[in-house]
Amino acid sequence: MAGTAAEGGQPRRVSMQEHMAIDVSPGPIRPIHLISHYFPHFYPFAEPVLHPSDPRSTAVSAIRSTLQPQPDPEPEGDSDDSTALGILEFTLLFDADNSALHCTAHRAKGLKPLASGSMDTYVKANLLPGASKAGQLRTRTVQATKVPVWKETLTYHGFTRQDAAQKTLRLCVCEDPWLRRRRRSPPLGDLRVPLRKLVPNQARSFNICLEKWRLTKRPKSLDTAHGMSLYQEEVETEVAREERGRVLLSLCYSSQRGGLLVGVLRCAHLAPMDANGYSDPFVHLFLHPNTGKKSKFKTSVCRKTLNPEFNEEFFYSGPREELAQKTLLVSVWDYDLGTADDFIGGVQLGSHASGECLRHSDHRLELWHLLDSRPVQLSD
């Protein structure tokens, strides 16, 4: 009967089991096309999959290359948090009107500590070339953080245009070992900025990656002391010439008082004369060829510093024409208790000297003067 029904054209009846077996195994599944595949995409993060033979592929690739940001051909030292030693953010300002260099340390990020745990960090600045102690400044210590924020400005007084053309600023991020009684460790990283790139009276911000700290071999001439380290900081080897420092003086002839006002404002970058790497400076004034106590003055002593600030004024009476023919000898000394004072440097001012003349009337003139390491010899 079954065979007869099939031959007569009647459809064959399929059991429920056979029907389920066919539905469960429908065969290979093809991907469903999205409607967005039929529209061109002109942004780089979602593009249609195009075959090489598709004529639209050339146009889309050309638009993508146009929209992608072009790399900076000359980066300014910027980077991200993936750097090995971290990044230091700071701002430099060369105040040419006041002869000062301002360095503002903002923050550091991505620092890698030498040991596990939190860090107590500060920023140390060195002006190179120059004596390491005289050109060294530092910020306060920020405790227990890998992302320190200082927001502190370090100022170098007596910074001239000649210094900007010749010097380099070195910044180091250091761990403070004294707060946790640790041994002094090398800095976490440092960087250098040639100051000739600065534009006077225009602040410039930097975001620069820190580099690995470098040590140099100590010269054999310095290995005489027993137990002295064979290595030294590279900053000490970059002193190109001996610098004794500089002094800021103000000169003004007062017609009302009938004499010369000499102001000793401050000194900067003095040479260290004591074993602790500092000096106890004071300034001595002598008006030549005057004799007597009225021709000699000296300031107070500033203890343990290479950048003293005095702000003291002295008066020499006399006609302007007579004072203009004389020489003012300015010398800076290191005070020593019980022994002779050490000469740091000096400069002479007068009508026949290389410095500024004394011919000023009722107008205060402030100038920085470089100190000479040789004592000035004055004839009678």
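**Entry 1: a sheet to start with**

I began with an open sheet of four strands, ordered S15-S12-S11-S18, and found its pairing antiparallel. At its edges I noted S15 and strand S18 (365–370); each has a single partner strand, so one side of each is left without a neighbour in the sheet. I looked up the angle as well: neighbouring strands here are turned by 25° against each other on average, direction ignored. A reminder to myself: strands of a sheet pair through backbone hydrogen bonds, either parallel or antiparallel.

Next I followed strand S11 (residues 246–254) to S18 and counted six bridges, in the antiparallel sense. Which residue of S18 is the bridge partner of Leu251? I found Leu365 there. All of this is read from a predicted model.

**Entry 2: the other four-strand sheet I checked**

I then turned to an open sheet with the order S5-S2-S1-S8, again with antiparallel pairing. Its edge strands are S5 and S8, each pairing on one side only.

Between S1 and S2 I noted nine bridges, antiparallel in sense. One of my spot checks was Thr91, whose bridge partner in S2 is Thr104.

**Entry 3: cores**

Which residues of the largest nonpolar core touch the most other members? The core has 31 residues, and the answer is Leu88, Phe90, Leu92, Leu169 and Leu171. I listed the elements that give two or more residues to this core: strands S1 (87–95), S2 (100–109), S3 (121–128), S5 (149–157), S6 (168–175), S7 (189–194) and S8 (204–209).

I took a closer look at Leu169.

**Entry 4: ring pairs**

How many aromatic pairs does a search of the whole structure find? It finds five. I looked up Phe94 and Phe159: their ring centres are 5.3 Å apart and their planes stand at 85°, so I filed the pair as edge-to-face. This pair links distant parts of the chain, with Phe94 in strand S1 and Phe159 in the loop between S5 and helix H4 (161–166), 65 residues apart. Both Phe94 and Phe159 are buried.

Phe297 and Tyr316 form another edge-to-face pair, at 5.2 Å centre to centre and 75° between the planes. Phe297 sits in strand S14 (residues 296–298) and Tyr316 in strand S15 (residues 309–317), 19 residues apart. Is Tyr316 buried or exposed? Tyr316 counts as buried because its relative accessibility is 2%, while Phe297 is partly exposed at 24%. Ring pairs also join Phe297, Phe314 and Tyr316 into a cluster.

**Entry 5: charges over rings, and one threonine**

The charged end of Arg257 sits over the ring of Phe315, 4.3 Å from its centre, and Lys298 lies over the face of Phe282, 5.5 Å from the ring centre.

Last, I looked up Thr327 in strand S16 (residues 327–334). Thr327 has 16% relative accessibility and therefore counts as buried, the cut-off being under 20%. Setting aside neighbours within four places in sequence, I found Thr327 in contact with Phe286, Leu287, His288, Gln348, Leu349 and Gly350.

Technical notes: Residues numbered from 1 in each chain as written. Predicted model: local features only at pLDDT ≥ 70, side-chain atom pairs only at ≥ 80, totals over all residues. Heavy atoms only, no water. Core = buried A, V, L, I, M, F, W, Y, C linked by side-chain atoms within 4.5 Å. Buried < 20%, exposed > 50% of the residue type's maximum accessible area, 1.4 Å probe, protein only. Pairing = 2+ DSSP bridges. Contact = heavy atoms within 4.5 Å. Phe/Tyr/Trp six-rings, centres within 6.5 Å; stacked < 30°, edge-to-face > 60°. Lys NZ or Arg CZ within 6 Å of the ring centre and 35° of its normal. Axes fitted to C-alpha atoms, helices over the stretch in contact; angles between N-to-C directions.
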